[in-house]
Amino acid sequence: MAIIIDDISHTFHEYLLLPGLTTQQHLPQNVSLKTPIQRYRPGKEEMKAHLNVPFVSAAMQAVSGPELAIALARKGGSAFIFSSQSIEAQARMVKQVKEHKAGFVESDSNLAPTATLEDALKLRRRTGHSTIAITENGERNSKLLGILTSKDFWEYKDDLSQCVKGFYTPLERLVFAEEGVSLQEATNLLWKNKKECLPIVDKNGNLKSLVFRKDYYDHHSYPDELTDGRKRLFVGAALNTYDYMERTAALIEAGVDCVCLDSSDGYSEWQAKAAVELRKKYGESLVIGGGNIVSADAFRYMAEHAQVDFVKVGIGGGSICITREQKGIGRGQASAVMDVAKARDEYLKETGVYIPICSDGGLNSDTQVIVALAMGADFVMMGKYFAMTEESPTAKISYRGRLYKPYWGEGSNRARNWQRYKQSDAAHLIFEEGVDAYVPYSGPLSDKVGVSLVKLKSTMCNVGVLSVKEFHEKARLTRVSEMTVVEGGTSTVEMLDRMKPNED
């Protein structure tokens with residue numbers, strides 16, 4: 001007969017945290033949310049690749065586009081650009097994030113002096129950048145002749161058939177610096193000379209990069225901003241187990257910081273084979289995640305056979321996922337996280353290697369995010385949470401006076417992501433494991449994440465901890481009854497709307 005696990009499958013909704021001693025040092029400004037996203041040896045080496053806040057966005061068409069990836073990296077987390085698209089399209093999205101903001105930006109807007117103002121306008125509309133480098137042959141790394149900006153000509157006044165040669169600011173009138181200048185030195189030059197852009201050239205006068213004043217302000221507006229070694233925004237991307245070698249090569253060329261093998265069930269030889277081949281080719285420099293799993297034995301397999309850097313936990317708990325309903329496979333998210341976190345800690349004791357885990361799905365409120373982290377998750381992956389924001393890729397719609405955004409699962413026919421689900425040998429879904437729906441619009445990502453982080457830090461202070469690691473070690477949770485949930489709500493009072501003008 002089948003093996004029956006003598007345990008109830010629990011959800012985050014069934015638990016509450018108990019307060020710990022809050023001392024005078026337990027203030028929100030003292031809390032660090034820095035958390036690992038790559039395996040490492042605590043006590044023997046520093047945390048390697050990491051997040052500044054424990055939030056990542058799901059690799060979904062309705063969630064993780066370039067705009068959301070940019071917004072989330074600026075808050076300290078990371079998006080995972082979805083793989084259910086062509087390799088070229090996914091790489092372009094990654095590149096768009098990497099080029100959005102950096103200390104030293106490689107110019108993607110370049111023209112030769114013989115180009116026309118009409119050419120400049122077309123380039124500006126295509127790239128969205130108003131600063132255009134005028135180089136000898138119109139390429140990004142050729143000799144710099146000058147800079148053309150939107151202030152140098154009037155779109156509706158000047159003759160757009162004229163060459164840019166008569167409009168751009170020549171190099172001899174520009175403030176510029178030579179290659180090798182530090183970012184701080186470059187920023188000081190911008191400040192002292194009251195300039196918006198500082199070109200960086202090599203000893204032969206060839207353009208190497210640009211430094212922008214707005215980037216300095218952006219950085220100080222987002223103190224938790226997550227960047228790579230070149231001060232470019234951090235971004236992840238998803239892989240399938242079909243074209244992973246070709247896809248990874250293109251993503252690395254575009255600048256991706258980490259990849260994750262994306263599957264509804266990652267406990268498979270297919271995923272281990274892909275991860276091992278990627279590790280063999282790219283070594284420890286490439287951060288590789290795997291999943292999804294829900295048990296301790298699956299974690300062991302991913303750690304030892306797949307040798308991944310982090311593991312995603314959760315099957316069937318997403319708001320638009322119907323895998324449990326369709327196939328009877330899955331586990332309550334709280335039970336899954338606790339079981340895998342226990343296996344992670346045992347593996348650390350045995351090997352000295354810490355492998356971060358990511359709780360993916362089953363998160364319907366900030367409270368459940370907090371409970372997931374307390375139970376042992378190093379970071380959480382969310383879909384609906386981010387699909388509701390201004391920066392998600394879908395357009396807002398109005399229905400009965402409220403704004404909504406479309407949101408569909410990768411297991412829905414709309415996503416056409418058959419590579420994620422091993423249903424048959426056919427190159428399409430035989431049955432759906434996700435639904436097509438709508439979620440209420442919640443406004444800018446920055447505001448939403450900001451509130452969630454304040455709640456998380458406040459709770460950690462109540463528990464008496466100042467780091468995610470401490471949270472794992474010291475958090476105490478209690479099961480709740482149905483009446484405990486009722487008691488904690490507002491069922492015994494009347495919630496009144498604002499009084500009408502004529503009411504006393």
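Predicted model: local features only at pLDDT ≥ 70, side-chain atom pairs only at ≥ 80, totals over all residues.

User: Why is Cys-163 called partly exposed?

Analyst: The relative accessibility of Cys-163 is 37%. Buried requires a value under 20% and exposed a value over 50%; Cys-163 therefore counts as partly exposed.

User: How many disulfides are there, and how do you know?

Analyst: A disulfide requires two cysteine sulfur atoms within 2.5 Å. By this rule the count is 0.

User: What makes Lys-194 exposed?

Analyst: Its relative accessible area is 71%, and the cut-off for exposed is over 50%; Lys-194 is therefore exposed. This residue lies in the loop between α4 and β11. Lys-194 also has a positive phi of about 55°, although it is not a glycine.

User: Why is Arg-400 called exposed?

Analyst: Arg-400 has a relative accessible area of 74%. Since exposed means over 50%, the term applies to Arg-400. Its place is in the loop between β19 and β20, and its phi, near 55°, is a positive value in a residue other than glycine.

User: What makes β19 and β20 a pair of strands?

Analyst: Two strands pair if at least two bridges are found between them. Strand β19 (residues 397–399) and β20 have 3 bridges, in the antiparallel sense, and Ile-397 stands opposite Tyr-404 in β20. The two strands form a hairpin with 2 residues between them, and Arg-400 is in the turn.

User: Which strand is joined to β20 by 5 bridges?

Analyst: That strand is β21 (residues 436–440), and it runs antiparallel to β20. Lys-405 stands opposite Val-439 in β21. As for covering, 5 of the 7 residues of β20 (residues 402–408) are buried, and the strand is described as mostly covered.

User: Why is helix α11 described as mostly covered?

Analyst: Of the 9 residues in α11 (residues 366–374), 8 are buried. Among them are Asp-366, Val-369, Ile-370 and Leu-373. Just after the helix, Gly-376 takes a positive phi of about 130°.

User: How do you know that both faces of β11 are covered?

Analyst: On one side, Cys-197, Pro-199 and Val-201 are buried; on the other, Leu-198 and Ile-200 are buried.

User: Which strands are joined to β11?

Analyst: Strand β10 (residues 177–178) is joined to β11 by 2 bridges and runs parallel to it. The chain goes from β10 through helix α4 (residues 183–193) to β11, and this β-α-β crossover is right-handed. Strand β12 is joined to β11 by 5 bridges and runs antiparallel; the bridge partner of Cys-197 in β12 is Phe-212.

User: Is Gly-205 buried or exposed, and where does it lie?

Analyst: Gly-205 lies in the loop between β11 (197–201) and β12 (207–212). At 15% relative accessibility, and with buried defined as under 20%, Gly-205 counts as buried. Leaving aside residues up to four places away in sequence, Gly-205 touches Ser-142, Lys-143 and Leu-144. In the hairpin of β11 and β12, this glycine takes a positive phi near 85°.

User: What makes β6 and β9 edge strands?

Analyst: The open sheet has 4 strands in the order β6-β7-β8-β9, with mixed pairing. Strands β6 (110–111) and β9 (169–170) each have a single partner strand, so one side of each is left without a neighbour in the sheet. The partner β8 (residues 144–148) pairs with β9 over 2 bridges in the antiparallel sense, and Ile-147 has Thr-169 as its bridge partner in β9.

User: Which residues lie nearest the centre of the largest pocket?

Analyst: They are Thr-131, Thr-149, Glu-196, Cys-197 and Phe-212, out of 29 lining residues. About 710 Å³ of space lies in this pocket. At least two lining residues come from each of α2 (87–100), β11, β12 and α5 (213–221).

Technical notes. Residues numbered from 1 in each chain as written. Heavy atoms only, no water. Buried < 20%, exposed > 50% of the residue type's maximum accessible area, 1.4 Å probe, protein only. Contact = heavy atoms within 4.5 Å. Right-handed = clockwise from strand over helix to strand, strands pointing away. 1 Å grid on protein atoms, 1.4 Å probe; cavity = no way out; pocket = protein on both sides within 12 Å on 5 of 7 lines; lining within 4 Å. Points joined across faces, edges and corners; volume = space filled by probe spheres on them.
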